[in-house]
Amino acid sequence: MRRFFTVFSLWTLVLVMGFSSCKVKYSFSGGSIPENMKTVNVQFFENIAPMVYPTLGQNFTEGLKERIRSQSRLSQVNGDADAMFEGVITGYDISPAAVEANSDRAALNRLTITIKVKYTNRLDQTGESNFEQSFTQFREFSGQVQSQEETLNTEIIRLLTEDIYNRAFANW
């Protein structure tokens, strides 16, 4: 019995040593932001969508700034910066997502927001990390939009800023 515990203990020690030497480091708070990148400029995103929610431009711009502030080490500046975000809100739509049985009324509606973003990494001489892309997210809801619109906008902005941040800095 004693020999069993000795062999078991040695085997356990070998396994622990073997696994501890193989490490993989994951980080979701810095992504692949280049070491020499220090500053970022987020321009105001104007709302040019046919249907307008009055504070959407300001809320989205501040949401993107907050995402970058909380998940990176970059300093936000006005004017020239190592990385630049600019763009417009091109879509703000409410459409039926599901119809009630035996009726033409919507049982479920969908609020969709589309943002066109231009990202420029001024430190990348090749321009390979730059992009100009539209991002779309939506949330479904029942009932009247007016009572839920602010909450829905906040949720969609959170999703959009995550997509944009990941596209720019996490290569996703």
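**Strand pairing and the wider fold**

Student: Which residue in strand 3 does Thr39 stand opposite?

Tutor: The model is predicted. Strand 1 and strand 3 pair in the parallel sense over two bridges. Strand 3 covers residues 75-76. Opposite Thr39 in that strand stands Ser75.

Student: Which residue in strand 4 does Val40 stand opposite?

Tutor: Strand 4 spans residues 83-99. Strand 1 pairs with strand 4 in the parallel sense, over three bridges. Val40 stands opposite Ala83.

Student: Are the residues on the two faces of strand 1 buried or exposed?

Tutor: Strand 1 runs over residues 39-42. Thr39 and Asn41 lie on one side, Val40 and Val42 on the other. Buried means under 20% relative accessible area. Both faces are covered, and these four residues are all buried.

Student: What percentage of the residues in the chain is buried?

Tutor: The chain has 172 residues. The same cut-off applies, under 20% relative accessible area. The buried share is 34%.

Student: In what order do the elements of the chain run?

Tutor: The chain has three helices and six strands. Read from the N terminus on, the order is α-β-β-α-β-β-β-β-α.

Student: What share of the contacts with a separation of 6 or more joins residues 24 or more positions apart?

Tutor: A contact means heavy atoms within 4.5 Å. Take the contacts in the chain with a separation of 6 or more. Residues 24 or more positions apart account for 69%.

Student: How much of the accessible surface belongs to carbon and sulfur atoms?

Tutor: The accessible surface of the chain comes to about 11100 Å². The part belonging to carbon and sulfur atoms is 53%.

Technical notes:
Residues are numbered from 1 along each chain as its sequence is written. This is a predicted model: local features need pLDDT of at least 70, side-chain atom pairs count only at pLDDT 80 or more; totals for chains, interfaces and linings use all residues. Side-chain values use heavy atoms; hydrogens and water are left out. Buried means under 20% relative accessible area, exposed over 50%, partly exposed in between (1.4 Å probe, protein chains only). Accessible areas come from the Shrake-Rupley method with a 1.4 Å probe; for residues, only the protein chains shown count as cover. Two strands pair if DSSP finds at least two bridges between them.
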